[in-house]
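Biologist: Please show me the model. I want to know what stands behind each term you use.
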Amino acid sequence: MEGMRTFLFDIDGVIHNGGTEIPGAARALAALRGSGRQVLFLTNNATKTPEDVVALFASFGAEATPDEVMTSAVAAADYLRAAGQEGRLVGKQVYVVGMRALQNIVASVGDELGTFSTFGGEDDAPKGRADVVQEFNPSLSPPPEDVPPPRSAPTTTSTTTSWRGRRTT
């Protein structure tokens, strides 16, 4: 461990479980920081913003800053920011399927770049498929109620990015 300078921690189940500190987590993080190590946090949980995570950590004595927290919502926003800067999202709409933290982070990128708009999120939870499709593309023909749901899973892509544009040591 002597040569290790940066430590990446998953959050859920490693630092806390249901908002309760995993015993000794705050003390271990403080010891790593005290020895000059960099500490970063990752989660695939898009329901909380980095600021929410920092506040949760503070509730049990663990220190963190929003810049040290990478959520799946932040990763999605970073991807959309890069795509927007490359001009791939000009005039597009992004439909957010997720909780308010994801919706707000993605919408802030759309506002920042002025290249795309968002809709969806928790506000659309009670809507049916036809309502959502009609809102996304009002001139869709045939109407959404006449189109069956997809039969196979969509193709996905993955990307590799740096830690929020900075090099870790």
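Modeller: A cavity is a set of grid points where a 1.4 Å probe fits but cannot get out. This is a predicted model, and the structure holds one cavity of 30 Å³ or more.

Biologist: What volume does the largest cavity have?

Modeller: The volume of the largest cavity is about 60 Å³.

Biologist: Which residues line the largest cavity, and what makes a residue part of the lining?

Modeller: A lining residue has an atom within 4 Å of a point. Ile11, Asp12, His16, Thr43, Asn45, Lys48, Val53, Leu56 and Thr71 line the largest cavity.

Biologist: How many of the lining residues are nonpolar, polar and charged?

Modeller: Three are nonpolar, four are polar and two are charged. Asp and Lys count as charged, so Asp12 and Lys48 in the lining belong to that class.

Biologist: How do you know that E4 and E5 pair?

Modeller: Two strands pair if there are at least two bridges between them. Strand E4 (residues 38–43) and E5 have three bridges, so they count as paired, in the parallel sense. Threonine 43 has threonine 71 in E5 as its bridge partner. Both Thr43 and Thr71 also line the largest cavity.

Biologist: What is the order of the strands in the sheet?

Modeller: The order is E1-E4-E5, in an open sheet of three strands with parallel pairing.

Biologist: Why are E1 and E5 called edge strands?

Modeller: Strand E1 (6–10) and strand E5 (69–71) each have a single partner strand, so one side of each is left without a neighbour in the sheet. From one strand to the next, the twist averages 20 degrees.

Biologist: Which helix lies across E4 and E5?

Modeller: Helix H3 (residues 72–85) does, and it runs at about 80 degrees to E5.

Technical notes
Residues are numbered from 1 along each chain as its sequence is written. This is a predicted model: local features need pLDDT of at least 70, side-chain atom pairs count only at pLDDT 80 or more; totals for chains, interfaces and linings use all residues. Side-chain values use heavy atoms; hydrogens and water are left out. On a 1 Å grid over the protein atoms alone, a cavity is a set of points where a 1.4 Å probe fits but cannot get out, and a pocket is an open set with protein on both sides within 12 Å along at least five of seven lines; lining residues have an atom within 4 Å of a point. Grid points are joined across faces, edges and corners, and a volume is the space filled by probe spheres set on the points. Helices (H or I, at least four residues) and strands (E, at least two) are DSSP runs, numbered from the N terminus. Axes are lines fitted to C-alpha atoms, for helices over the stretch in contact, and angles run from 0 to 180 degrees between N-to-C directions. Contact means heavy atoms within 4.5 Å.
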